[in-house]
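Here is a short briefing for a first look at a protein chain. Please keep the sequence and the 3D view side by side as you read.

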Amino acid sequence: MGRQTAFSRARRTFPAGSSGRYWWIRARQSPRAGVEYPGSYADLLSWFPDDAACRDYLDWLRWPDGFCCPLCGETRAAWRLADGPGACGGCARRVSVTAGAIFPGTRTPPTVWFAAAWQMTSQKQGISALGLKRVLDIGSEQTAWAMLHRYRTAMVRPGRQRLTGTVEVDETFLGGPEPGRRGRGALGKTLVEVAVEREGTRLGRCRMQIINDASAPALRASLLAHVEPGSVVLTDGLRSYPPACGEDYAHRPESIATAGGEAHELLPGVHRVASLAKRWLLGTHQGGVKPGHLQGYLDEFAFRFNRRRSRARVTLFYRLLEQAVLAPHRTYRSFVVDPGSGRRDPPPPPPDKRVRPGSLSGDPLDRPWRQAASERQTR
């Protein structure tokens, strides 16, 4: 199915007797491969051969029922440009499909952004910044890291549902081996609260959140943010959990000392998720994650883990771009752990360094390897 046919059919064809807006909401809940998103890598190349196709797809994701100005709510566009409506017919302000999302101000072509999203979601282990730089021939690892981190900010959907039912909760430490005391009193590591739904013998969704300490106020804030009140909370025997749960949760503590088992046997879900997260950070990113950036990586892990049962891996590509066009804009300086102060004049780049990555779109070549062989034979 061609790109234009797929987009127009999903956008304009509604069942008889139903409003387009509510049909689109139902369609968004269960997107179809080959209609709302490309079903394979071959479809990706066919759907998005150039930057204009990528911009049109972002336009389709952001305004499925037609243009609506994010500032005044006007549905009329004064004129249209290649990267979006152009100007609003009401307030006359310049509007772009990338305005207010994670893309504004970037000099990276949309085809590179889409390829990065595919590399980030098509494999269960994701991709590192250095790996993305090598695969897409991006000029610097810094640019690749900023692209991935902007996508990570879009992986937490505002207003997402909290965990329900029976939920295991425990803390873990992330970081390399450090000398000294082990456990909750360890120094030089980051304390992370892990919550996992238990569905019989299977695991449901997970949440991972950095906390300052294991005190009752910190644990309670994490519980209220990620676990629906009224749920059953399974924890170990830490004394901070009873006041943290309070009257909002049915608390069922499992003391390791009195139960006579191992921690991973009493709370298998959180230990399995924590182990998978540590293995992913060590394998894909070689453990080179700063504590100030760790929350973004945890959000990426949870985004991929919670969608592990999707019928198609490429659904994650669609969900990521769907949330990316609505995510708030973040500057590169806001990502840096220690941005410093004052304005600095960096040295000029070398003359052979590319200022921005080139677009992945291009004219097809007719077997250049054969042409090179023919030129050598004619010499």
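This is a predicted model: local features need pLDDT of at least 70, side-chain atom pairs count only at pLDDT 80 or more; totals for chains, interfaces and linings use all residues.

The protein chain has 379 residues, and 42% of them count as buried. Its secondary structure comes to 16 helices and eight strands.

**Confidence**
- The mean pLDDT of the protein chain is 81. A value of 70 or more is reached by 78% of the residues.
- Over residues 1-27 the pLDDT is below 50. This stretch still has 39 contacts in the model beyond near neighbours in sequence.

**Fold and surface**
- Take the contacts in the protein chain with a separation of 6 or more: 62% of them join residues 24 or more positions apart.
- The protein chain exposes about 20900 Å². Carbon and sulfur atoms supply 51% of that area.

**Helix 8**
- Helix 8 covers residues 216-226, and serine 222 is found in it.
- Serine 222 has a relative accessible area of 8%. The cut-off for buried is under 20%, so serine 222 counts as buried.
- Leaving aside neighbours within four places in sequence, serine 222 is in contact with Glu193, Gln209 and Ile211.
- Arginine 220 forms a salt bridge with aspartate 248, with the closest N and O atoms 2.4 Å apart.
- Arginine 220 lies in helix 8, while aspartate 248 sits in the loop between helix 9 (241-245) and strand 8 (250-253), so the pair ties together parts that are 28 residues apart in sequence.

**Other salt bridges**
- The structure holds 10 salt bridges.
- Glutamate 197 and arginine 205 meet through their side chains in a salt bridge, at 2.7 Å from N to O. Glutamate 197 is buried, at 5% relative accessibility. Arginine 205 is partly exposed, at 21%.
- Aspartate 366 and arginine 367 also form a side-chain salt bridge, at 3.3 Å from N to O. Aspartate 366 is exposed, with a relative accessible area of 52%. Arginine 367 is partly exposed, at 49%. The cut-off for exposed is over 50%, so aspartate 366 counts as exposed, whereas arginine 367 counts as partly exposed.
- A network of salt bridges links Arg152, Glu300 and Arg304.

Notes
Residues are numbered from 1 along each chain as its sequence is written. Side-chain values use heavy atoms; hydrogens and water are left out. Helices (H or I, at least four residues) and strands (E, at least two) are DSSP runs, numbered from the N terminus. Buried means under 20% relative accessible area, exposed over 50%, partly exposed in between (1.4 Å probe, protein chains only). Contact means heavy atoms within 4.5 Å. pLDDT is the predictor's confidence in each residue, from 0 to 100. Accessible areas come from the Shrake-Rupley method with a 1.4 Å probe; for residues, only the protein chains shown count as cover. A salt bridge is a side-chain nitrogen of Lys or Arg within 4 Å of a carboxyl oxygen of Asp or Glu.
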